[in-house]
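Let's walk through this protein together, one piece at a time. Keep the sequence and the 3D view open as you read.

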Amino acid sequence: MRTDSSPGSLPAREHLPAAGAGTPVLDVVIPVYNEEKDLGPCVRRLHEHLARTFPYAFRITVADNASTDGTPRVAAGLAADLAAVRSVRLEQKGRGRALGTVWSASEAPVLAYMDVDLSTDLNALLPLVAPLISGHSDLAIGSRLARSSRVVRGAKREFISRTYNLILRGSLQARFSDAQCGFKAIRRDVAQVLLPLVEDTGWFFDTEMLVLAERAGCRIHEVPVDWVDDPDSTVHIVRTATDDLKGVWRVGRALATGSLPLDRLARPFGDDPRDRDLSGVPQGLARQLVGFCVVGALSTLFYLLLYSGFRHFAGSQLANALALLVSAVANTAANRRLTFGVRGRGGAVRHQAQGLVVFGIGLALTSGSLAALSAATADPDHSTELAVLIAANLAATVLRFLLFRAWVFPDAEPPAPAPDHRLPEPRLPVSGPVDPYRTRSDATVRFQPVRPADTDPRDVR
């Protein structure tokens, strides 16, 4: 996992400025390897669709991944015939390598890619990139797993796709629904920051980029798509799945060890509404509660195991004190990092000292419960002791969270945003095309109440 410096902080979300004459707003990359048969129809169909429906200047880039057939010749012919098409040749294979290379060199403010088979209905392309142009989102992905998506594919691919996304949710806490759909877009200013951190050059490139973007606080927009499986796909499922699982392990390990410098990707203060200091609205309460509960559950289990071990050679009061002391130190350290997001060694000793005070309160509650049990029963069995301790620890846990939040790890005062003395940038016009390749005379949208049967991919036979 790369840990080298990224180009800088993520930019503030703003409506994209108007592009200069001849500069495309959208650059759609089509990575190909030995696709001489499908490349021509794909590019011509995509070009016709964009020329007819996309209201801004665009470009289509064919990224040839070291093809050994006639793909370079076909790509060069398309670039010669169509002014908005160009061809880029790479001497090494890898879809991720192709996307990273072309996106890094592109001057278009919105970068997208799609597979050459055009399995995704092109009507989803404008909804995909519109949130990026407006500044609402940083990345956008097509999702075949959204409720309103219409998908035609075999049971094996459906099972693999859903299993993979379950693995991502369970291991990397991913919240996006479809990492593998070959239909994605990203703002160029965001790509310039994220791409240096993405290590994979193959099929895992998409997943790694999405996970890093999500962890860095980027907003990912999902678009439900109509998608028809390509029965002639050349993707090797077993090898791709194996590489993906290796990538999940590598990224998960890097996130767990903190070797990824995602803290440097924080946005300018004020871009995220969670930065706002609103009276009466606690910041991050829901997330902190979830983190505290997870840490608390693990700490309680750790405490009970320690108590059971110490009980073999010590009395109940001493075993409880020792177990609670050890688990309290671990609990404070875990909550410091995972629940309240405090990084580095600064203040660690003070936090542990305050945590020991909280531990003393918990010790008083649990010791008092044991004393009350001993007074009620001369010789209580071990299971009764554990039950009483669990109840006492639940009460101590609630008090511990309140003390941690209000005293040990209080919310820091956010820094005031620096004044911006820059002149306002020009914005994209609301109406009227900005397209050097064509003009549009009729931008009226007409709704048709009757839909032909073949517009729904589920009608495909």
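Ala-353 lies in helix H11; helices (H or I, at least four residues) and strands (E, at least two) are DSSP runs, numbered from the N terminus. With a relative accessible area of 42%, Ala-353 is partly exposed. Here buried means under 20% relative accessible area, exposed means over 50%, and partly exposed is in between, using a 1.4 Å probe and protein chains only. Now look for Val-408: it is 55 residues away from Ala-353 along the chain, yet the C-alpha atoms of the two are separated by 9.3 Å.

Before going on, a word about what you are looking at. This is a predicted model, in which local features need pLDDT of at least 70 and side-chain atom pairs count only at pLDDT 80 or more, while totals for chains, interfaces and linings use all residues. Residues are numbered from 1 along each chain as its sequence is written, and side-chain values use heavy atoms, with hydrogens and water left out.

Now step back to the whole protein. It has 12 helices and nine strands, and 43% of its 461 residues are buried. A contact means heavy atoms within 4.5 Å. Among contacts between residues at least 6 apart in sequence, 80% join residues at least 24 apart. The protein exposes about 23700 Å², and carbon and sulfur atoms supply 59% of that area; accessible areas come from the Shrake-Rupley method with a 1.4 Å probe, and for residues only the protein chains shown count as cover.

Let's return to the helices. Which helices do the buried residues of H10 pack against? They pack against H9, helix H11 (348-376) and helix H12 (382-408). The buried residues of H10 include Ser-316, Ala-319, Asn-320, Ala-323 and Leu-324. An α-helix has 3.6 residues a turn, so residues three or four places apart point the same way. Ser-316 has a relative accessible area of 16%, so it counts as buried. Leaving aside neighbours within four places in sequence, Ser-316 is in contact with Tyr-307, Arg-311, Leu-370 and Glu-385. Just after H10, Gly-341 takes a positive phi of about 65°.

Helix H10 (residues 316-339) gives the most to the patch, with three residues. Phe-302 is found in helix H9 (residues 285-310), and its 34% relative accessibility makes it partly exposed.

What does the record say about this region? An unreviewed UniProt entry lists residues 289-307, 355-374 and 386-403 as "transmembrane region"; such positions are given in the numbering used here, feature names are shortened, and annotations may be inferred rather than shown by experiment. In the model, residues 355-374 are 100% helix and 0% strand, with end C-alpha atoms 28 Å apart. Residues 386-403 are also 100% helix and 0% strand, with end C-alpha atoms 25 Å apart.

Next, find the strands. Two strands pair if DSSP finds at least two bridges between them. E1 and E2 pair in the parallel sense over seven bridges, and Ile-30 stands opposite Val-62 in E2. Four bridges join E1 to E4, which also run parallel, with Val-110 in E4 as the bridge partner of Leu-26. On to E7 (residues 183-187): five bridges join it to E4, and these two run antiparallel.

In a regular strand the side chains alternate between the two faces of the sheet. In E4, Val-110, Ala-112 and Met-114 point one way and Leu-111 and Tyr-113 the other way, and all are buried. Strand E2 (residues 58-65) is mostly covered too, with eight of its eight residues buried.

Finally, visit two loops. Most residues other than glycine have a negative phi, and most peptide bonds are trans. Asn-34 has a positive phi of about 55° although it is not a glycine, and it sits in the loop between strand E1 (26-32) and helix H1 (39-53). Leu-118 also has a positive phi, near 50°, and lies in the loop between strand E4 (110-114) and helix H4 (125-134). Are these residues buried or exposed, or in between? Asn-34 is partly exposed at 26% relative accessibility, whereas Leu-118 is buried at 9%.
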